[in-house]
Amino acid sequence: MNIFKKRKVVLALGGGSARGFANIGVLKVLEREKIPIDMIIGSSMGALIGATYSLGNPVKTIIQEAEKFSWKRILDMTFPRVAVLEGKKIANVIGHLTDHKTFEDCKIPIAITATDIETGGEVLFSSGNLQKIILASCSWPGFFPPVEVNGQLLCDGGIRNSVPAKWAKDLGATFVIAVRVGFAPQRIESTNIFQLMIQSIQIMGEELDKYQSTKADVVVEPDLRGISQLDFNKAREIINSGEIATEKVIGKLKRALL
């Protein structure tokens, strides 16, 4: 029996590449505690994990897939005209995880954010080619080429919506749970030009995360200190961080929903 008030509870899963695996730990605890989820909105890695879960895949299976994830599975170097990677390998991973199913197959409705790289505009999808839209939402400029969808050149949804909580309200949410995992400014060697460029993105992204998190009723913020967006080999540690962070707010979450 559902003891919670009837609300439209929307779960906003943030991006963050490898750090986004923390979303899996969040889903594990919410499912165990029988927190009702009426819709999922995902950006970047949050889009991939959210879609995989919304299609009915067990959390245990998603954890196993995350632990198999590696750079080898997505690295396909190409001549860097618009990106250093071709993007075919990550497209294959997305197809595998979603079993080439559609938005209509999702047991929990899902919406996915992307960014129009030509105009800077935000785009939200709840229908269309699921795999292609997830690919667009995961395609960070420079690493992966933009993806053409409906005549628009789209890239990573996390550029504009690293924590896609505001879209939840627009879609009729009366209660928003947001997961903030994305950016990680760290002390760097200031003479390294590449590190300086990456650090600037991390600093800007952290501020965007903070602002967008204010649109949620409850924010889950895993402790991912020392873990970068590239640490796919730390999947289990990252997932555990998501579990721990969710357990810390589960009491507050249940009281708010009663």
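**Notes on the fold, core and spaces**

1. Let's start at His 100: it counts as exposed because its relative accessibility is 60%, where exposed means over 50% relative accessible area, buried under 20% and partly exposed in between, using a 1.4 Å probe and protein chains only. This is a predicted model, in which local features need pLDDT of at least 70, side-chain atom pairs count only at pLDDT 80 or more, and totals for chains, interfaces and linings use all residues. Residues are numbered from 1 along each chain as its sequence is written, and side-chain values use heavy atoms, with hydrogens and water left out.

2. His 100 sits in the loop between H5 and E3; these labels are DSSP runs numbered from the N terminus, with helices (H or I) of at least four residues and strands (E) of at least two. Leaving out residues up to four places away in sequence, His 100 touches Gly 95 and Gln 131, contact being heavy atoms within 4.5 Å. His 100 and Leu 130 are 30 residues apart in sequence, while their C-alpha atoms are 8.0 Å apart in space.

3. Asp 99 follows H5 and has a positive phi, near 55°, and it belongs to the loop between H5 and strand E3 (110–116). Asn 150 also has a phi near 55°, positive in a residue other than glycine, and lies in the loop between strand E5 (147–149) and strand E6 (152–155). Most residues other than glycine have a negative phi. Asn 150 counts as exposed because its relative accessibility is 69%.

4. Found in the loop between E6 and helix H7 (165–170), Asn 161 counts as buried because its relative accessibility is 0%. Its contacts, not counting residues up to four places away in sequence, are Ser 43, Thr 113, Glu 122, Lys 166, Trp 167 and Gln 212.

5. Helix H5 (residues 88–98) has Ile 90, Val 93, Ile 94, Gly 95, Leu 97 and Thr 98 as buried residues. They pack against helix H2 (45–54), H3, helix H4 (71–74) and helix H6 (130–138).

6. Helix H9 (residues 235–257) deserves a look of its own. Its 23 residues reach 31 Å from first C-alpha to last, close to the expected 33 Å at 1.5 Å a residue; the expected span is 1.5 Å times one less than the number of residues. H9 has a kink of about 45° centred on Val 249, the bend being the angle between axes fitted to the seven residues ending at a residue and the seven starting there.

7. Among the buried residues of H9 are Ile 238, Ile 239, Gly 242, Glu 243, Val 249 and Leu 253. Their cover includes strand E1 (9–13), helix H1 (22–32), helix H3 (59–68), strand E7 (175–179) and strand E8 (218–220).

8. The largest nonpolar core has 67 residues, of which Leu 11, Phe 21, Ile 24, Ile 37, Ile 177 and Leu 253 touch the most other members. A nonpolar core here is a set of buried Ala, Val, Leu, Ile, Met, Phe, Trp, Tyr and Cys residues joined through side-chain atoms within 4.5 Å. H9 gives the largest share of this core, eight residues. A second, separate core of 13 residues includes Val 10, Ala 12, Ala 165 and Ala 178.

9. Now the pocket. On a 1 Å grid over the protein atoms alone, a cavity is a set of points where a 1.4 Å probe fits but cannot get out, a pocket is an open set with protein on both sides within 12 Å along at least five of seven lines, and lining residues have an atom within 4 Å of a point. Points are joined across faces, edges and corners, and a volume is the space filled by probe spheres set on them. The largest pocket holds about 980 Å³, and of its 37 lining residues the closest to the centre are Phe 143, Ile 198, Gln 202, Gln 229 and Leu 230. H2, H4 and helix H8 (193–213) are the elements giving two or more residues to this lining, and H8 gives the most, seven.

10. Finally, there is one cavity of 30 Å³ or more, with about 100 Å³ of space in the largest cavity. Its lining includes Phe 21, Ile 24, Met 45, Glu 65, Arg 73 and Leu 97. H2 supplies the largest share of that lining, four residues.
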